[in-house]
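Subject: Structure for your review

Dear colleague,

Please find the structure below, together with its sequence. My notes on it follow.

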Amino acid sequence: MQTFTLNNGVQIPAVGFGVFLIPNDGPTYEATLAALKAGYRHIDTAAGYMNESDVGKAVKDIGIDRKEIFITSKLWLQDYGYENAKKGIENSLKALGTDYIDLYLLHQPYGDYLGAWKALEEAYQEGKLRAIGISNITVNLWNKFKDGMSVMPAVNQVEFNPFTQQKALRQVMDENNIRLEAWYPLGHGNKDLLGNETIVSLAERYNKNPGQIILRWIYQEGVISLPKSTNPGRMAGNIDIFDFELTDEEMASIRALDTGKGTHNPEDPANETRLMGLKIHD
Ligand code: A2P
């Protein structure tokens, strides 16, 4: 699996398997095992997905050296603030059954964000987290928080795909050497995206499916992608994207598909209220 180098030197596999919305106590275990068997070496979970323990069990049971597998998890809002975050990090380590996490993110940009970030920085200095990062951060939110951070985030995980290219955000993140990670890289199965004629014609040209063209484009853009599939063929296919290369012209033709919009606006106060209300434990 091809990797990118993060701003602290850590190598991250360019495509990860996302387990958002896959239930715990079986389904996430099976999906993670299947992904690891298919060749994935990067699993993206979160405390808020409530399936860290299944990911941890699968990583233990697969019989692959822990060092070969890159695990990302994220702190949920309920555990923000310095003291709560320290406990939240310990809870993630415990649920995953590991003594370090490769990448740990602040999942959402609300609440006592900088207090939580300080706890991540400390766990990073202690070696419990190999890299730390942010998620759902817009340009405005970056400007709000950046001066309170001593460790530069390694990544910003945001909605990203050919219809949602985050061009202004990417420029700011590039200036700071923060790598983008794409959630909803396939537009969450958006038929208009997967059926787009530019993408479909490239799929025919390269004998790939439209999802593979999109994921290859994201890779060539230098962005980490986290596609989700429960279909074994598509799961395997989504990492079979390293045997062809899109030309500059083809890259530009997909770049032209940007709508400048996405499905989620982190700055919408209604999202803040809704997400702040989501509890994952007592
Ligand atoms: P399925 O699980 O049946 O494969 P995203 O990662 O952007 O959230 O998109 C996930 C959605 O896209 C799921 O509905 C998944 O369905 C579908 N999907 C995953 N890989 C592909 C692919 N290569 N081509 C088309 N659809 C895909």
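Leu21 is exposed, because its relative accessible area is 57%; the classes used here are buried for under 20% relative accessible area, exposed for over 50%, and partly exposed in between, with a 1.4 Å probe and protein chains only. The model is a predicted one: local features need pLDDT of at least 70, side-chain atom pairs count only at pLDDT 80 or more, and totals for chains, interfaces and linings use all residues. Residues are numbered from 1 along each chain as its sequence is written, and side-chain values use heavy atoms, with hydrogens and water left out.

Leu21 is found in the loop between E3 and helix H1 (27-38). Helices (H or I, at least four residues) and strands (E, at least two) are DSSP runs, numbered from the N terminus. Leu21 has a positive phi of about 70° although it is not a glycine. Most residues other than glycine have a negative phi. Asn177 also has a positive phi, near 60°. It is found in the loop between H6 and strand E9 (179-183) and is exposed, with a relative accessible area of 52%.

**Pockets**

A pocket is defined on a 1 Å grid over the protein atoms alone, as an open set of points where a 1.4 Å probe fits, with protein on both sides within 12 Å along at least five of seven lines; lining residues have an atom within 4 Å of a point. Grid points are joined across faces, edges and corners, and a volume is the space filled by probe spheres set on the points.

The largest pocket has a volume of about 1,000 Å³. It is lined by 43 residues, and the closest to its centre are Phe20, Leu21, Tyr184, His188 and Lys228. Helix H9 (210-220) and helix H12 (269-276) each supply at least two residues of this lining. By class, the lining of the largest pocket has 19 nonpolar, 18 polar and six charged residues. Here Ala, Val, Leu, Ile, Met, Phe, Trp, Tyr, Cys and Pro count as nonpolar, Asp, Glu, Lys and Arg as charged, and the others, Gly among them, as polar.

The second largest pocket holds about 310 Å³ of space. Of its 20 lining residues, the closest to its centre are Thr138, Gln166, Gly262, His264 and Pro266. Strand E8 (155-159) and helix H6 (167-175) each supply at least two residues of the lining of this pocket, which divides into six nonpolar, 10 polar and four charged residues.

**The sheet**

Strand E8 belongs to an open sheet of eight strands, in the order E3-E4-E5-E6-E7-E8-E9-E10, with parallel pairing. Two strands pair if DSSP finds at least two bridges between them. The edge strands, strand E3 (17-18) and strand E10 (224-225), each pair on one side only.

Five of the five residues of E8 are buried, so this strand is largely enclosed by the rest of the structure. E7 and E8 pair in the parallel sense over two bridges, and the bridge partner of Ile134 in E8 is Asn156. Strand E4 (residues 42-44) and strand E5 (residues 70-75) also run parallel, joined by three bridges; in E5, Ile71 is the bridge partner of Ile43.

**Aromatic rings**

Rings of Phe, Tyr and Trp (its six-membered ring) pair if their centres lie within 6.5 Å; planes under 30 degrees apart count as stacked, over 60 as edge-to-face and the rest as tilted. By this rule there are nine aromatic pairs. The rings of Tyr80 and Tyr113 have centres 6.1 Å apart and planes at 70°, so this pair is edge-to-face. Tyr80 lies in the loop between E5 and helix H3 (82-96) and Tyr113 in helix H4, 33 residues apart. Both Tyr80 and Tyr113 are buried.

Tyr206 and Phe244 form a tilted pair, 5.1 Å centre to centre with 40° between the planes. Tyr206 counts as partly exposed at 21% relative accessibility, whereas Phe244 is buried at 9%. The charged end of Arg216 sits over the ring of Phe244, 5.7 Å from its centre. For this, NZ of Lys or CZ of Arg must be within 6 Å of the ring centre and within 35 degrees of the ring normal. Likewise, the charged end of Arg66 sits over the ring of Tyr100, 4.1 Å from its centre.

Yours sincerely,
A colleague
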